[in-house]
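Subject: Structure handover, with notes on its spaces and ligand

Hi,

Here is the structure I promised to pass on. My notes follow below it.

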Amino acid sequence: MGSGFFRRINDALTARKESGLYRYPPTVERVDGHFMDSGGKRYLNFSSNDYLGLAGTPDVCRFWQEGVSRYGAGSTASPLVTGYSSPHADLERMLCDWLGFESAVLFNSGFAANQAVIFTLCDKEDLVIQDKLNHASLMEAGMLSPARMKRFRHNDTESLSAALSCTVTGNRLVVTEGVFSMDGDKSPLSEIATVARHHDAWLMVDDAHGIGVLGEDGSGSCRSAGIKPDILVVTFGKAFGLMGAAVLCQTETADYLRQFGRHYVYSTAMPPAQAYTIRRTAEIIQTQQWRREKLSELSAVWEEALSGIPGATHTNTPIKPVIVGQSEPMLRLSEYLRQKGYWVGAIRPPTVPANKARLRVTLSVSQPKVAVLALAGEIKNMLEGEQCLPS
Ligand SMILES: *Cc1c(COP(=O)(O)O)cnc(C)c1O
């Protein structure tokens, strides 16, 4: 009995391996935005989302220790039971003041926050309209929600406008990201907000890769674009170097999420020590403008070193994709870089569209300029050379 499951599992694994898409998590001994130690070897880490270099800093580690000694290790329950404590409330208040919203609701991950928002907000007569390149957590929520889902062409407001123009008996929710995680480009938020408002739609922005990185005080994509979406999702696993997420919105929407968001109601609250650490880390993010300046400097160094190289895309963020196309040569290139001591993200379908396999190089404040230049040099040689890619 149950052998059908075995067959399904084995077939799926075999197909995955044959298509060159099989993955397995590397065991990491220690990691931050600068180094990654794995298999007894040390690599320069160009694949983390630790853009501001905060994950390994003594200050942030000290916040965790302070938090644990003050509030204990865990939250003991979901927020509506006994899991919501003063560090959670302090963090929510700080996020509201910083980002300019009435209310904030904490979640354990960006994935959970995105699902909670879309599932609780959208009903079957509604229409969810998403940028084609939105993160899997958003796409999946849209597909599983009772609402109808449409996609618009990446960052294309005309395509968005067309998608919004159809007849809908319910409500419309436009969903986009501030900074796209696999392409590193920004969304034209001001235009998108105008189009959404014109069609009486709500706008939800997932700013996982913009928060901390963009804007004077790191307040992210929306403030820098001069817009305030109806729903803003920020996550703490990227520039914060931590984990967790928050949904920012107005009071009634927040209250609605607290009543009906199943990822909120039925999930243990993050440890109070974590909420405390996130709040203290946000202070660093807001005040240490030098981190964003250093990141811009590294970005300029990278862009200059790779200008004119086919596949190397220009971005205004620390995400620097190098599009190779097919998975095979891209994997060989990443393996070659690994042998040289660089750990670079090797991104394949289905994470990115077919024939758009890429190296996803990410810059971090922790990296010295010479290392950034050296990696750019290696990639340039590989892509320019007659021999092209190592076999
Ligand atoms: C990473 C990411 C998420 C998921 O956030 P986690 O806190 O890691 O679960 C959601 N949206 C985007 C755009 C992301 O890049």
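How much space lies in the largest cavity? About 120 Å³. Before the rest, the ground rules: this is a predicted model, so local features need pLDDT of at least 70 and side-chain atom pairs count only at pLDDT 80 or more, while totals for chains, interfaces and linings use all residues. Residues are numbered from 1 along each chain as its sequence is written, and side-chain values use heavy atoms, with hydrogens and water left out.

**The cavity**

The structure holds 1 cavity of 30 Å³ or more. On a 1 Å grid over the protein atoms alone, a cavity is a set of points where a 1.4 Å probe fits but cannot get out; a pocket is an open set with protein on both sides within 12 Å along at least five of seven lines, and lining residues have an atom within 4 Å of a point. Points are joined across faces, edges and corners, and a volume is the space filled by probe spheres set on them.

The largest cavity has 13 lining residues, with P79, L106, Y264, A269 and M270 nearest its centre. At least two lining residues come from each of α4 (86-99), β4 (103-107) and α11 (262-265). Helices (H or I, at least four residues) and strands (E, at least two) are DSSP runs, numbered from the N terminus. By class, this lining has 7 nonpolar, 5 polar and 1 charged; Ala, Val, Leu, Ile, Met, Phe, Trp, Tyr, Cys and Pro count as nonpolar, Asp, Glu, Lys and Arg as charged, and the others, Gly among them, as polar.

**The ligand and its pocket**

The ligand takes up the second largest pocket, going by more than half of its atoms lying within 2 Å of the grid points. That pocket holds about 250 Å³ of space. Its lining has 15 residues, and G110, F111, H135, T235 and K238 are the closest to the centre. Helix α5 (residues 110-121) gives the most to this lining, with 3 residues.

Around the ligand are 14 residues (a heavy atom within 4 Å), of which G110, F111, D206, H209 and K238 come nearest. The shell divides into 3 nonpolar, 8 polar and 3 charged residues.

As for polar contacts (N or O pairs within 3.5 Å), a ligand oxygen is 2.6 Å from a side-chain N or O atom of H209. The protein covers 87% of the 380 Å² of accessible area that the ligand has on its own (Shrake-Rupley, 1.4 Å probe).

Cheers

Technical notes: Polar contact = N/O pair within 3.5 Å; in protein donor to acceptor, adjacent residues only side chain to side chain.
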